[in-house]
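Trainee: I'm new to this one. Could you walk me through it with a few questions and answers?

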Amino acid sequence: MSRNLIQLISLLAMVFLPFTEAAASEQITLKFSHVVAENTPKGLMANKFKELVESRLGDRVKVEVFPNSQLFNDDMALEALLLGDIQFAAPTLSKFSHYTRKLQVYDLPFLFRDMAAVERFQKSPTGQQLLKSMEPLGLTGLGYLHNGLKQISADSPLRVPADAMGKKFRIMSSDVLRAQFDALDAISIKKPFSEVFTLLQTKAIDGQENSWSNIYSKKFHEVQPFITESNHGLVDYMVVTSTEFWNGLDNDLRAGLKQAMEDAITYGNQMAEQKSVHDRQAIIDSERSEVLQLSDRERDQWVNVMEPVWHKFESDIGKSVIEAALASNNTP
Ligand code: SIN
């Protein structure tokens, strides 16, 4: 065994051993870092996880939740998981492309008809395989969590794709999203979620795309006079942990955490459904931003411009994965 490998194994043992040893005797503290507000599907899910773990597992485990990028933004959170600095994160599916290209399927524009189709795909054998796709790299997916479909906000009304031409949009760190805005002849800038409000407020960018819940909870609608209800993409999450940490837990502690996570995700998904409706209406009622409905003809134009992006990513993602996602649009 090489010297470097021995050093790496010793380092990982130093990072993760405390959890196995402490699990049997003293209290352990688990950190859950995320980037959104507490009153969002993910924020509520993380707090529910804390509540369930602490009430069910008693003094054995304390969970600390860090919302609003207090600890890490999403790109750094995955590294922090691998280093053992935090134990749970739930980045959007758009932010995993350094670890697997297959999850890019979730970013393909106009792929899923609605959230029910997303749910069917995630429960399918292909969706479940994707949860495990990063295990060789040290990340274990514990479950999917919904937020909602994406809308495009801007400083001027976007009714047809040509209206977006030449405008600057913030995107998440995804090459698919970059290609999507390239197809519109728009400029895209990859920036962390924590910077979006200021970029919009200072007019450093013209627009962005996000779910109703993220737009409302971060007040993007207060600095963006128009939101096109395009439902063209998806904000959805994978709750992840470090494989090393997870497999190193003693069996009954891991089973308790797994059950608490499943229950918290079920709750978070219920909140996602409610918030998509509530936060959309709250934005309309605020009268700070005009919500633009697309006619069928206008919508067809967006689909025609954006959909060709699929072909560019087909070999990275895998044709069978895209076909399985498409099949989920058919109701059983
Ligand atoms: C999130 O919902 O976690 C953040 C989404 C974004 O980066 O736009």
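Trainee: Leaving aside its neighbours within four places in sequence, which residues is M261 in contact with?

Mentor: Contact here means heavy atoms within 4.5 Å. Skip the neighbours within four places in sequence, and the partners of M261 are F32, M45, F49, F88, L142 and V239.

Trainee: Before we go on, what kind of model is this?

Mentor: It's a predicted model, where local features need pLDDT of at least 70, side-chain atom pairs count only at pLDDT 80 or more, and totals for chains, interfaces and linings use all residues. Residues are numbered from 1 along each chain as its sequence is written, and side-chain values use heavy atoms, with hydrogens and water left out. So, in short, the model is predicted.

Trainee: How are helix 6 and helix 12 oriented to each other?

Mentor: Helices are DSSP runs (H or I, at least four residues), numbered from the N terminus. Helix 6 (residues 175-183) and helix 12 (residues 309-317) pack at an angle of about 155 degrees, with axes 9 Å apart. Angles over 145 degrees count as roughly antiparallel. Helix 6 and helix 12 are therefore roughly antiparallel.

Trainee: Which residues of helix 12 make that contact?

Mentor: On the helix 6 side you'll find D175, V176, A179, Q180 and A183. Facing them from helix 12 are V309, K312 and F313.

Trainee: Is D175 buried or partly exposed?

Mentor: D175 lies in helix 6, and leaving aside neighbours within four places in sequence, D175 is in contact with R101, Q104, K190 and F313. Its relative accessibility is 32%, so D175 counts as partly exposed.

Trainee: What separates the C-alpha atoms of E307 and P109?

Mentor: E307 lies in the loop between helix 11 (296-306) and helix 12. Along the chain, E307 and P109 are 198 residues apart, yet their C-alpha atoms are separated by 6.1 Å.

Definitions and conventions: Axes fitted to C-alpha atoms, helices over the stretch in contact; angles between N-to-C directions. Helix = DSSP H or I, 4+ residues; strand = E, 2+ residues; numbered from the N terminus. Parallel < 35°, antiparallel > 145°, perpendicular 65-115°, else oblique. Buried < 20%, exposed > 50% of the residue type's maximum accessible area, 1.4 Å probe, protein only.
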